[in-house]
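I opened this notebook to record what I looked up in one structure. The entries follow the order in which I worked.

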Amino acid sequence: MASGTETGAALGYEEARDELIEVVRRLEAGGTTLEESLALWERGEELAKVCRHWLEGARARLDASLAADREAEESED
């Protein structure tokens, strides 16, 4: 797992996703103290926000591309 000191802006989607998977795995495995579990949960929330941000940005780019394609098709008619 990454150090946890990296900001969301510094993480790419795949890096955040992979770290989030590791956080979930550790939480599901148990064996951590309450404090460790809370810290893992908080990091997981941060990572989920990073992933959401990347996915929303990708969705916006796809929507813009599809809209441009539709406009180009309509102007050809």
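The entries below run from the overall picture to single residues.

**Entry 1. Confidence**

I began with how far the coordinates can be read, since this is a predicted model. The mean pLDDT of the protein is 90, and 88% of the residues score at least 70. Where pLDDT is low, predicted coordinates should not be read in detail. I therefore leave the detail of those contacts alone.

**Entry 2. Overall make-up**

I asked how many helices and strands the protein has. I found 2 helices and 0 strands. Helix 1 covers 13-29 and helix 2 covers 34-76.

Next I looked up burial for the whole protein. Of its 77 residues, 13% are buried. The accessible surface is about 5900 Å², and carbon and sulfur atoms account for 54% of that.

I also looked at how far along the chain the contacts reach. Taking contacts between residues at least 6 apart in sequence, 62% join residues at least 24 apart.

**Entry 3. Helix 2**

I checked the length of helix 2 against its expected span. Helix 2 has 43 residues, and from its first C-alpha to its last I read 63 Å. The expected value at 1.5 Å a residue is 63 Å, and the span is close to that.

Which residues of helix 2 are buried? I listed Leu40, Arg43, Gly44, Leu47, Val50 and Cys51. I then looked up what they pack against, and the buried residues of helix 2 pack against helix 1.

**Entry 4. The nonpolar core**

I looked for the largest nonpolar core and found 7 residues in it: Leu11, Ala16, Val23, Leu40, Leu47, Val50 and Cys51. Helix 1 and helix 2 are the elements that give two or more residues to this core. Helix 2 gives the most, with 4 residues.

Setting aside neighbours within four places in sequence, Ala16 is in contact with Leu11, Leu47, Val50 and Cys51.

**Entry 5. Salt bridges**

I turned to charged side chains. Side chains of opposite charge can pair when their charged atoms come close. I counted 5 salt bridges and wrote down some of them.

Asp18 pairs with Arg17, with the closest N and O atoms 3.0 Å apart. Asp18 counts as partly exposed because its relative accessibility is 42%. Arg17, at 31%, also counts as partly exposed.

Glu22 pairs with Arg25, and here the closest N and O atoms are 2.5 Å apart. Both residues lie in helix 1, 3 residues apart, which is about one turn of the helix. Arg25 has a relative accessibility of 45%, so I noted it as partly exposed.

Arg43 pairs with Glu46, the closest N and O atoms being 3.0 Å apart. These two lie in helix 2, again 3 residues apart and about one turn of the helix. Is Arg43 buried or exposed? Arg43 counts as buried because its relative accessibility is 8%, which is under the 20% cut-off. Glu46 is partly exposed, at 41%. Salt bridges with shared partners join Glu19, Arg43 and Glu46 into one network.

**Entry 6. Back to Glu22**

I returned to Glu22, which is found in helix 1. Why does Glu22 count as partly exposed? Its relative accessible area is 23%, and partly exposed runs from the 20% limit for buried to the 50% limit for exposed, so Glu22 falls in that range.

Last, I looked up the distance from Glu22 to Leu40. The two are 18 residues apart along the chain, and their C-alpha atoms are separated by 9.7 Å.

Note on methods: Residues are numbered from 1 along each chain as its sequence is written. This is a predicted model: local features need pLDDT of at least 70, side-chain atom pairs count only at pLDDT 80 or more; totals for chains, interfaces and linings use all residues. Side-chain values use heavy atoms; hydrogens and water are left out. A nonpolar core is a set of buried Ala, Val, Leu, Ile, Met, Phe, Trp, Tyr and Cys residues joined through side-chain atoms within 4.5 Å. Buried means under 20% relative accessible area, exposed over 50%, partly exposed in between (1.4 Å probe, protein chains only). Contact means heavy atoms within 4.5 Å. The expected span of a helix is 1.5 Å times one less than its number of residues. Accessible areas come from the Shrake-Rupley method with a 1.4 Å probe; for residues, only the protein chains shown count as cover. A salt bridge is a side-chain nitrogen of Lys or Arg within 4 Å of a carboxyl oxygen of Asp or Glu. pLDDT is the predictor's confidence in each residue, from 0 to 100.
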